[in-house]
Amino acid sequence: MEYVNLGHTDIRVSRLCVGCMSFGKAGTMHDWTLDEEKSAEVIHHALDLGINFFDTANGYSAGTSEEYLGKALKGYIPRDRVVIASKVYFNPGRLSKEAVHREIDGTLKRLGTDYLDLYIIHRFDYETPMEETMEALNDLVKAGKVRAIGASAMYGYQFYNMQLIARDHGWARFETMENHYNLLYREDERELIPICKQMGVSLMPYSPLAAGHLARPTWKSDSLRGRTDRVAMGKYDNYEANDMEIINRVEKVADNHGVSMAQVAIAWQWAKGVTAPIIGGTKTRNFDDALKALDLHLTKEEIDYMEEPYVPHKIVGAIDHNPPQGVMLLDKK
């Protein structure tokens, strides 16, 4: 495994991150999430492979994702050898000072730890002043409850403005960006990603395999997730006709190298400057396969070949208003 620092911090993370939306009580958010025992099996296997980076959220499966992760880590690995990230926004009060201080305590309790390595705002809050949010996050860093902060899917100007507020007040700044980014969705290459690179912010994209579309030669999947994941359908089905050409090219590059399509999609992430793509695998073999991508180096010609069919897509990730309270699944079909 290879390890790198997050942003300007001394936090060392593996080049792969485990996406913990796959863990939690089924039916509380998705129908396909793993129960506590199966979650622990995947988590322990990832740790055995040298993966030390885990990303969850307070709203994933009504908090059971955090609970399952915390229980799986406890007693299996020393706390200082694992990097835990969680998120805040899909909760009462969004990113208000009161909500941020309340939600971190709930997250820490569910995870069974007294600090988070990385605390991420899950979306941009249109109702809370940015200064209030950034000061609240800085308070958590000063209190030792959080080592570093990050942001997730939003527009470039929003991220930039929040960073300026932190700079101008001498507060903790965002060290990571967890945005929607893969070969089938590249809209953030216009503004957000260049801003992150300019500011030395680490990229840790979610959905690097486009909900599995970049890991198989067919659009449809017979898996439980493939049949029931309405969010993935809403995110990708509108561009099936065009995006199948990209998928076909990923398959050809994979065949030429004698590797899986998933490895090609992940290697593309690293070639684009990503620090640690988030892999939401539900089987141990998903991480065995992902790890092999470290040995795959794509040429510029191969990258250009896979990127060439791309057309502009509707924005999926950043939002232009706060959704109704209680809504967690955005972009669903």
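**Note on the predicted model**

1. Glu-2 is partly exposed, because its relative accessible area is 38%, a value that lies between the 20% limit for buried residues and the 50% limit for exposed ones. This residue belongs to a predicted model, and its place is in the segment that comes before strand S1, residues 3-5.

2. The surroundings of Glu-2 can be described through residues from elsewhere in the chain. Once the neighbours within four places in sequence are left aside, Glu-2 is in contact with Val-13, Ser-14, Arg-15 and Leu-294. Ile-51 is 49 residues away from Glu-2 in sequence, while the C-alpha atoms of the two residues are 9.0 Å apart in space.

3. As to the overall make-up, the protein chain has 12 helices and 10 strands. Its radius of gyration is 19 Å, close to the 20 Å that the globule rule gives for 333 residues, so the chain is as compact as a globular protein of that length. Taken along the principal axes, the box filled by the C-alpha atoms is roughly 50 × 40 × 35 Å.

4. Among the contacts between residues at least 6 apart in sequence, 80% join residues that are at least 24 apart.

5. For the charged residues, the protein chain carries 39 positive and 48 negative charges, and the mean positions of these two sets are 2 Å apart.

6. In what order do the strands of the open sheet run? The sheet is formed by 8 strands in the order S9-S8-S7-S6-S5-S4-S3-S10, and the pairing is parallel. Strand S9, residues 202-203, and strand S10 are the edge strands, each of them pairing on one side only.

7. Strand S3 pairs with strand S4, residues 53-55, in the parallel sense over 3 bridges, and the bridge partner of Gly-19 in S4 is Asp-55. Strand S6, residues 116-121, pairs with S7 in the parallel sense over 5 bridges, and here the bridge partner of Ile-120 in S7 is Gly-150.

8. Strand S7, residues 146-152, is mostly covered, with 6 of its 7 residues buried. Val-146 lies in this strand, and Val-146 counts as buried because its relative accessibility is 2%, whereas the limit for burial is set at under 20%. Apart from its neighbours within four places in sequence, Val-146 is in contact with Ile-104, Leu-116, Tyr-119, Leu-140 and Val-141.

9. Helix H11, residues 284-292, has Phe-287, Asp-289, Ala-290 and Leu-291 among its residues, and these four are buried. What covers the buried residues of H11 includes strand S3 (17-19) and strand S10 (278-279), together with helix H1 (36-48) and helix H10 (261-271). Strands S3 and S10 also stand side by side in the order of the open sheet.

10. How far apart in space are Val-146 and Leu-291, C-alpha to C-alpha? The distance is 28 Å, and the two residues are 145 apart in sequence. Val-146 is a residue of strand S7, while Leu-291 is one of the buried residues of helix H11.

Conventions:
Residues are numbered from 1 along each chain as its sequence is written. This is a predicted model: local features need pLDDT of at least 70, side-chain atom pairs count only at pLDDT 80 or more; totals for chains, interfaces and linings use all residues. Side-chain values use heavy atoms; hydrogens and water are left out. Helices (H or I, at least four residues) and strands (E, at least two) are DSSP runs, numbered from the N terminus. The radius of gyration is taken over C-alpha atoms; the globule rule is 2.2 Å times the number of residues to the power 0.38. Contact means heavy atoms within 4.5 Å. Lys and Arg count as positive and Asp and Glu as negative; His and the chain ends are not counted. The place of a charge is taken as NZ of Lys, CZ of Arg, CG of Asp or CD of Glu. Buried means under 20% relative accessible area, exposed over 50%, partly exposed in between (1.4 Å probe, protein chains only). Two strands pair if DSSP finds at least two bridges between them.
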